[in-house]
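Biologist: I would be grateful for a close look at one part of this chain, namely its division into domains and the local packing and backbone details on either side of that division. Please proceed from the overall layout to the individual residues.

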Amino acid sequence: MVLYSPGRTSAYPDEPPVSGLRFHYLGGGDEVGNVGIVLEDAQGTRLLLDYGIAPTSPPRYPKEAPVVHDAVITHSHIDHLGMAPWLCAHHRTRLHGTIITSELSDMMWRDCYKVSSIERYPLAWDKRDIDTALDSWYVHDFGVPWTHHNWELTLHPAGHIPGAAMLHITTPETSVLLTGDFDTRDSSLVSGAQPVQADILFVEGTYGGRDHPPKQEEIDRFISSVEAIVKRGGTVLIPAFANGRTQDVVMMLHEYLPRLNVHVDGMGKRVAKTHLNHPQLLRDASALERAWRWAKQVSSKSDRKKALAADVIVTTSGMLEGGPALWYLNRLRHDQKNAIFFTGYQARDTGGRNLLETGTISIYGQQAHVSLDMEQFSFSTHAGHQEILNFAKACQAKHVVVYHTDPNHARPPLVEALVEQGHTVHEPKNGESYVIN
Ligand SMILES: [Zn+2]
Ligand SMILES: [Zn+2]
């Protein structure tokens, strides 16, 4: 099903702005994920940053993009690149990003297509559009600028996940930094983002108003909780997102609990292989390699049965929406010695959230009651409130645009703190155009 009629539903203005820099959120302005940002100057130089979907049920899509010949994709999460196949098929748009983002896009798009067919959700693009999109990639190294009409574009490491980039733009009049999803703190996989000087900063505000617990404390809590379950003879099931979290969790377990018997299953295995092909983009590639050789890879049905006797199983999907995690849960749920540890955000109406709130979950169409011990850990790789403030200050940004954020809870406290710090702050709404002069 095609949701858009190209060129007819786009509310984007026909003419370039009279002066200054215009920005227009197709999505992701006053919500988390679902990102699409059009930038344009008075000369008509136009660029799209990200074009994703929000993997909620049903998914949310950004508004229709106007004609854009070039789009920069910050990273390979589906809420930032899920709609790129539509873009390439309809507008022959060139996609710019890092090598890891381009290589992981194939897997992410195919998974998105598969999920939408299973769940019978309409998707705006077809399977063959994936091939068009894969042929549309232009890969860039960090720190190596390229020109886009009269703009100079450069990617910088964003932390978050391997290959994630911030985009720096120098126009004849101003300089701009767009963070994409970013974190200034190191994770097991990647080093934190460094500030880059810019007049206008577009910053993601997922964690506005909230500070993360100190990283080491959270790791210690996680490790001792895993140990306790293993000591009583149980297996810990860790549902984890394939792209970033699975690898981070396996690396932590390898570092702190090398004697445990850890099995890893799901799409995260292939993601790790892609990471390892680009060691220069990882914080410590040899640490990932060692962790990956240490953990037992589940690759067959008999492997899966064997994994049921493991100390820890790390697998997709991260929100218990499908994947091998449900297969394991269905078998592990009958023994009270076992436990489930969540390591990521559980969105509303997902299996994971329902399980946490009601103790029940739908497994293969059957409502199942699960009374295992459950714990949640915060291993987010988004900058927290204070990190965002420090970053904006270090970038010396005159203007700050806060997006990729909950407009009711997360954005107000962040905006207030940014204003106090002396920045002119903008709070974009989806579907509206703004000009900074
Ligand atoms: Zn995001
Ligand atoms: Zn992300």
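Modeller: In this predicted model, the chain is divided into domain 1, made of residues 21-210 together with 381-436, and domain 2, made of residues 215-376. The C-alpha centres of domain 1 and domain 2 lie 28 Å apart. The contact between them draws 22 residues from domain 1 and 19 residues from domain 2. On the side of domain 1 that touches domain 2, the residues divide by class into 8 nonpolar, 10 polar and 4 charged.

I turn to helix H10, residues 324-332, whose buried residues are Ala325, Leu326, Tyr328, Leu329 and Leu332. Viewed down the axis of H10, these buried residues fall within an arc of 160 degrees, so they line one face of the helix.

The loop between S15 and H10 holds Ser317, and a cis peptide bond joins Thr316 and Ser317, with omega about 0 degrees. As for S17, this strand contains Thr360. Thr360 counts as partly exposed because it has 14 C-beta neighbours inside 10 Å, a count that falls between the limits of 12 or fewer for exposed and 20 or more for buried. Apart from neighbours within four places in sequence, Thr360 is in contact with Asn354, Leu355, Gln367, Ala368 and His369. The C-alpha atoms of Thr360 and Ser371 are separated by 8.5 Å, the two residues being 11 apart along the chain.

Although Asp349 is not a glycine, its phi is positive, at about 65 degrees. Most residues other than glycine have a negative phi, and most peptide bonds are trans. Asp349 counts as exposed because it has 12 C-beta neighbours inside 10 Å.

A positive phi, near 50 degrees, is also found at His404, again a residue other than glycine. His404 lies in the loop between strand S20 (399-403) and H13. His404 is buried, because 32 other C-beta atoms lie within 10 Å.

Helix H13, residues 411-420, packs with helix H12, residues 385-394, at an angle of about 35 degrees, and their axes are 10 Å apart. The crossing of H12 and H13 is right-handed. From H12, His385, Ile388, Leu389 and Ala392 meet Leu414, Ala417 and Leu418 of H13. By class, this contact of H12 with H13 comprises 6 nonpolar residues, 1 polar residue and no charged residues.

Finally, helix H4, residues 127-134, has Asp129, Ile130 and Ala133 buried. These residues cover an arc of only 115 degrees around the axis, which puts them on the same side of H4. The buried residues of H4 pack against helix H2 (84-91), strand S5 (94-97) and helix H3 (99-119).

Technical notes. Residues are numbered from 1 along each chain as its sequence is written. Chains are lettered from A and ligands numbered from 1 in the order in which they are written. This is a predicted model: local features need pLDDT of at least 70, side-chain atom pairs count only at pLDDT 80 or more; totals for chains, interfaces and linings use all residues. Helices (H or I, at least four residues) and strands (E, at least two) are DSSP runs, numbered from the N terminus. The arc is that of the directions from the helix axis to the C-beta atoms. Domain bounds come from an automatic or database domain assignment. Two residues are in contact if their C-beta atoms, placed from the backbone, lie within 7 Å. Ala, Val, Leu, Ile, Met, Phe, Trp, Tyr, Cys and Pro count as nonpolar, Asp, Glu, Lys and Arg as charged, and the others, Gly among them, as polar. Axes are lines fitted to C-alpha atoms, for helices over the stretch in contact, and angles run from 0 to 180 degrees between N-to-C directions. A crossing is left-handed if the near helix is turned anticlockwise from the far one by less than a right angle, and right-handed if clockwise.
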